[in-house]
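Good morning, and thank you for coming. I shall take the structure on the screen one region at a time, and I ask that you keep it in view as we proceed.

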Amino acid sequence: RFTAGALLILLLPDVARACADVVASAHEALLAAYAEQLDELAAWCRQQQLPAAADQLQAWLPPREADKLTLFVLPSAVALPAANDAEPAEWQVRWRKLRDAQAATLFELAQRAVDNHQPSLACQLVTEAVRENPDHEAGRRLLGYVKFRDAWYTPFEIKQLGSGKRWHDKFGWLPAEHVERYEQGERHYLGRWISAEQEAHLRADLKRGWRIESTHYVVTTNHSLEEGVRLSQQLETLYAVWQQAFAGYGAGETELRRRFEGQPPRAAQKPHQVTYFRTRQEYNHHLRDVQPQIDITLGIYLDRQRTAYFFAGEEQDAGTLYHEATHQLFQESRPVAASAGRRDNFWIIEGIACYMEGLTDCSGYFTLGGDNAGRMPAARHRLLVDQFYVPLQELVQLGMQDLQRDERLPRIYSQSSGLADFLMHAHGGRYREPLVEYLVAVYAGKANAGTLAEVSGVDYSTLDRQYAQFMSQETPPVAVRDDERATTASP
């Protein structure tokens, strides 16, 4: 049985400094102990003829796999129980105690992760703590929430509520008095009420399109309000996952330390801009002058415009959205150099975006990585079947134009995605934080051909060998199409 004493032994500071995976090991043990406690409570529920409660308890913790990150997206706002709510059942009281204890220990683990220079893991653990205890004050504040009207909201959401708006899953933020009329098919445009059909006609010109605001994004579209709201929420989900996977890049270790010390998060950055066209033709026409090859893209992020562009239709898929929006997050979440990736190390800029294509919604949680996620099957095929591999010593020396002109580009994209997955998950995530450090250096324009070896503490020939072993241990490769796509690199 896992005990508090065993946890304290695992968390001794000297051990934490000596062993890079001490927090991950403690996390794994904590989850195993919690799963046992939930099973015991579920068994009690079945004895009490409460099968639905037992099922809920046993479904609470999703399965964990070593080659995947299992991440949670918190609700935008969680109201606290009202004073007049019915008394909770006994099983709920018991579970509440278990959850509160689990949250407290997860938060302590997160603090240890920061002390152990693992900021990305720390953010992941804080999010798990808040999932267990939605009213965990320190965790909520660390993640940027503020208590307002007996619930936790982001500052943006508080601003909307303070101006008399309400959130609607279909229409987004609306003045409270408009909700009923919107649900009946009316729309408010330039101070007057018109039909939804009339509004769609007027907003067909993108200059008069819908502008959907959310906590981290502004989506402009001439497609429809409903589709714009759906897209904005998909992007917010990506942001929530990205900030956990790469907190060392976005927030940074110093900022997370400030928050653990009780300091408020720094002022929010400007929202990320996204334009969503109604048709592929409008997308091509609007962007051809700045990207002559726009016809072969399914979406693009342009750093000079600081905007990601997409279009509606059957050609679109979630992978493209995640790829280009990931470029945007890395480009805009901290100061970056104009020359990032131009001279060398461009492979990781595309590789990490390809890796994010594999983000998977598992109904209640999300995963990143895995042997069948995104381009991993193609990466295995290139290595194990085609015997194609560009050694890291050569790959890190290639800049953006070098790769764009290389006839091997589609295969290099596959390899880059596989390497990103390897650096995120191999050896229990040993290289995850070094990878984030590498990304910081690349985007800051401070990386050179030796940076990845330096931050990982391993020479390139050893990483090449470990990558081959990592890929060989996964699912046998499957056939891939010869015309496997390579996203046009963002200029």
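This is a predicted model: local features need pLDDT of at least 70, side-chain atom pairs count only at pLDDT 80 or more; totals for chains, interfaces and linings use all residues.

Let me begin with α16, where the buried residues are F346, W347, I348, I349, E350, G351, I352, A353, C354, Y355 and M356. Helix α16 spans residues 346–356, and since 11 of its 11 residues are buried, the helix is largely enclosed by the rest of the structure.

Which helix does α16 cross, and at what angle? The axes of α16 and α20 come within 7 Å, crossing at roughly 75 degrees. That angle makes α16 roughly perpendicular to α20. On the α16 side, the residues that meet α20 are W347, E350, G351, I352, C354 and Y355. Their counterparts in α20 are Y413, S416, S417, L419, A420, D421, L423, M424 and H425.

I turn now to the aromatic residues. A pair of aromatic rings is described by the distance of the centres and the angle of the planes. Over the whole structure, a search finds 23 aromatic pairs. One of them joins W347 and Y438: the ring centres are 6.3 Å apart and the planes stand at 35 degrees, so this pair is tilted. W347 belongs to α16 and Y438 to helix α21, residues 432–443, so the pair ties together parts that are 91 residues apart in sequence. Both W347 and Y438 are buried.

A further pair is formed by F422 and Y467. Here the ring centres lie 5.9 Å apart with the planes at 75 degrees, and the pair is therefore edge-to-face. F422 lies in helix α20, residues 409–429, and Y467 in helix α23, residues 460–472, so parts that are 45 residues apart in sequence are tied together by this pair. F422 counts as buried at 1% relative accessibility, and Y467 likewise counts as buried at 1%. Ring pairs also link Y239, W242, F246, Y249, F330 and Y443 into a cluster.

Two arginines deserve mention alongside the rings. R94 lies over the face of W44, at 4.1 Å from the ring centre. R131 lies over the face of W60, at 3.7 Å from the ring centre.

W95 is found in helix α5, residues 90–115, and with a relative accessible area of 4% it is buried, the cut-off being under 20%. W95 and A42 are 53 residues apart in sequence, while their C-alpha atoms are 9.8 Å apart in space.

I close with the backbone. Most residues other than glycine have a negative phi. The place of S363 is in the loop between β14 (360–361) and β15 (366–369). Is S363 buried or exposed? With a relative accessible area of 69%, S363 is exposed.

Technical notes: Residues are numbered from 1 along each chain as its sequence is written. Side-chain values use heavy atoms; hydrogens and water are left out. Buried means under 20% relative accessible area, exposed over 50%, partly exposed in between (1.4 Å probe, protein chains only). Helices (H or I, at least four residues) and strands (E, at least two) are DSSP runs, numbered from the N terminus. Rings of Phe, Tyr and Trp (its six-membered ring) pair if their centres lie within 6.5 Å; planes under 30 degrees apart count as stacked, over 60 as edge-to-face and the rest as tilted. A charge sits over a ring if NZ of Lys or CZ of Arg is within 6 Å of the ring centre and within 35 degrees of the ring normal. Axes are lines fitted to C-alpha atoms, for helices over the stretch in contact, and angles run from 0 to 180 degrees between N-to-C directions. Angles under 35 degrees count as roughly parallel, over 145 as roughly antiparallel, 65 to 115 as roughly perpendicular and the rest as oblique. Contact means heavy atoms within 4.5 Å.
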